[in-house]
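The following questions and answers go through one protein model. Look over the sequence and the coordinates before reading on.

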Amino acid sequence: MKQPFARVAVKIGSNVLTRRDGTLDVTRMSALTDQIAELHKAGVEIILISSGAVASGRSEVRPAKKLDSVDQRQLFSAVGQAKLINRYYELFREHGIPVGQVLTTKENFGTRRHYLNQKNCMSVMLENGVIPIVNENDTISVSELMFTDNDELSGLIASMMDAGALIILSNIDGIYNGPPADPASTVIREIGQGKDLSSYIQASKSSFGRGGMLTKTNIARKVADEGITVIIANGKRDNILVDIIRNENTVCTRFIPSANPVSSVKKWIAHSEGFAKGELHINDCTTKILFADKAASILPIGITAVEGEFEKDDIVRIVDFEGNPVGVGKANCDSMQAREAMGKHGKKPVVHYDYLYIE
């Protein structure tokens with residue numbers, strides 16, 4: 001049977017991989033490994049984004065004194081990541097499949113060069129039949145430079161690696177049309193472009209992870225807008241991954257991808273808002289042009305203010321005439337040059353269309 005996706009990013013959350021006491025659920029981990037191995041052997045390229053390092057380390061170490069949250073995370077992840085990747089190595093080796101560890105930080109996505117270095121590393125792994133296992137490097141990440149959670153990381157990876165689908169495995173079946181604990185609530189099976197979910201999403205976070213369904217939904221929307229199918233499903237259900245890929249009638253929430261996928265560069269820019277070094281404020285006319293569904297660059301004549309200091313090729317935030325952030329782009333000049341050209345005719349674009357992402 002022909003597989004619907006040639007390349008899939010799979011994110012496994014902490015609540016899937018850990019028991020209630022915080023220890024690693026090796027039985028569940030083994031079952032998911034078996035499913036990934038089955039898909040791998042059927043020709044599907046899998047990139048695995050796995051949580052669980054901190055939870056894994058928590059069960060191994062008893063700190064000698066009370067630690068603050070950063071020290072705890074660094075200690076538990078340093079010990080737990082070794083345990084986690086070793087377990088994956090042993091489980092996949094039983095299937096004759098090599099795996100490789102990729103530890104990353106948010107900063108690694110901030111420049112195009114670092115971004116492409118990571119992409120090349122994982123591409124080489126996939127070309128040689130190696131499954132990349134990706135996680136945030138919590139040992140050196142501090143709060144202001146951390147991903148919201150691995151949902152955010154998985155969105156970046158799926159986008160960077162041009163995956164056909166991103167599957168986010170949590171401990172519930174998907175997005176419900178009411179509180180998940182309410183027997184009257186049901187899973188929303190498909191979510192199209194622009195559907196308002198604000199009344200359905202709860203902001204509560206999982207017990208071991210950093211994220212919640214609100215984060216998952218925001219990431220899913222952004223990735224689907226880039227032309228990638230996103231599926232939120234229950235990682236504790238038997239054979240869930242194989243059933244999803246084979247398009248069985250599986251209970252899950254599927255975000256329908258945009259029919260107009262964006263370029264690789266624009267995918268990077270779309271996820272780079274957190275790295276913006278400054279802002280370009282644009283006038284009413286330029287705002288209307290940007291939303292007119294045609295290619296348009298940001299010219300100096302349409303800029304009313306330049307905020308912050310940035311260099312050429314830095315990411316800048318685009319702010320409309322009412323003060324609303326509307327997109328991000330890669331600056332074609334530094335902030336001083338942008339201020340000098342601001343409001344003038346006949347100057348080159350400050351942000352070229354090819355490096356502009358409007359939300």
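Q: Leaving aside neighbours within four places in sequence, which residues is Ser 51 in contact with?
A: The model is a predicted one. Ser 51 is found in the loop between strand 2 and helix 3 (53-58). With neighbours within four places in sequence set aside, the contacts of Ser 51 are Lys 11, Ile 12, Gly 13, Ser 14, Leu 17, Leu 84 and Asn 150.

Q: Is Ser 51 buried or exposed?
A: The cut-off for a buried residue is under 20% relative accessible area. Ser 51 has 8% relative accessibility, so Ser 51 counts as buried.

Q: Where is Asp 138, and what is its relative accessible area?
A: Asp 138 lies in the loop between strand 4 and helix 6 (150-160). Asp 138 is buried, and its relative accessible area is 7%.

Q: Where does UniProt place the feature "binding site", and why do these residues gather at one spot?
A: The UniProt record, an unreviewed entry, gives this feature at Ser 51, Asp 138 and Asn 150. The three span 100 residues in sequence, yet they gather at one spot, because no two of their C-alpha atoms are more than 11.1 Å apart.

Q: In what order do the eight strands form an open sheet, and which strands stand at the edges?
A: The pairing in this sheet of eight strands is mixed, and the order is 3-4-2-1-5-7-8-6. A strand with a single partner has one side left without a neighbour in the sheet, so the edges are strand 3 (99-104) and strand 6 (190-191).

Q: Which residue in strand 5 stands opposite Val 10?
A: Strand 1 and strand 5 pair in the parallel sense, over five bridges. The residue of strand 5 that stands opposite Val 10 is Ile 167.

Q: What is the bridge partner of Leu 48 in strand 4?
A: Strand 2 (residues 45-50) and strand 4 (residues 131-136) run parallel and are joined by two bridges. The partner of Leu 48 in strand 4 is Ile 133.

Q: Which strands does helix 5 lie across, and at about what angle does it run to strand 4?
A: Helix 5 covers residues 112-127 and lies across strand 1 (7-12), strand 2, strand 3 and strand 4. Its angle to strand 4 is about 150 degrees.

Q: At about what angle does helix 7 run to strand 7?
A: Helix 7 (residues 213-225) lies across strand 1, strand 5 (165-170), strand 7 (229-234) and strand 8 (253-255). The angle of helix 7 to strand 7 is about 155 degrees.

Q: How do the axes of helix 6 and helix 7 cross, and which residues meet?
A: The two axes come within 9 Å and cross at roughly 10 degrees. Angles under 35 degrees count as roughly parallel, and helix 6 and helix 7 are therefore roughly parallel to each other. By class, their contact has two nonpolar, two polar and three charged residues. On helix 6 these are Asp 151, Glu 152 and Gly 155, and on helix 7 they are Thr 215, Lys 216, Ile 219 and Val 223.

Q: Which are the edge strands of the open sheet of five strands?
A: The order in this sheet is 10-9-11-12-13, with mixed pairing. The twist from one strand to the next averages 20 degrees. The edge strands each pair on one side only, and they are strand 10 (303-308) and strand 13 (356-358).

Q: Which residue in strand 11 stands opposite His 281?
A: Strand 9 (residues 278-282) pairs with strand 11 (residues 315-319) in the parallel sense, over four bridges. Opposite His 281 stands Val 319.

Q: How far apart are the end C-alpha atoms of residues 288-356?
A: UniProt places the feature "domain: PUA" at residues 288-356, in an unreviewed entry. Over these residues the chain is 14% helix and 26% strand. The end C-alpha atoms are apart by 15 Å.

Technical notes:
Residues are numbered from 1 along each chain as its sequence is written. This is a predicted model: local features need pLDDT of at least 70, side-chain atom pairs count only at pLDDT 80 or more; totals for chains, interfaces and linings use all residues. Side-chain values use heavy atoms; hydrogens and water are left out. Two strands pair if DSSP finds at least two bridges between them. Contact means heavy atoms within 4.5 Å. Axes are lines fitted to C-alpha atoms, for helices over the stretch in contact, and angles run from 0 to 180 degrees between N-to-C directions. UniProt positions are given in the numbering used here, feature names are shortened, and annotations may be inferred rather than shown by experiment. Buried means under 20% relative accessible area, exposed over 50%, partly exposed in between (1.4 Å probe, protein chains only). Angles under 35 degrees count as roughly parallel, over 145 as roughly antiparallel, 65 to 115 as roughly perpendicular and the rest as oblique. Ala, Val, Leu, Ile, Met, Phe, Trp, Tyr, Cys and Pro count as nonpolar, Asp, Glu, Lys and Arg as charged, and the others, Gly among them, as polar.
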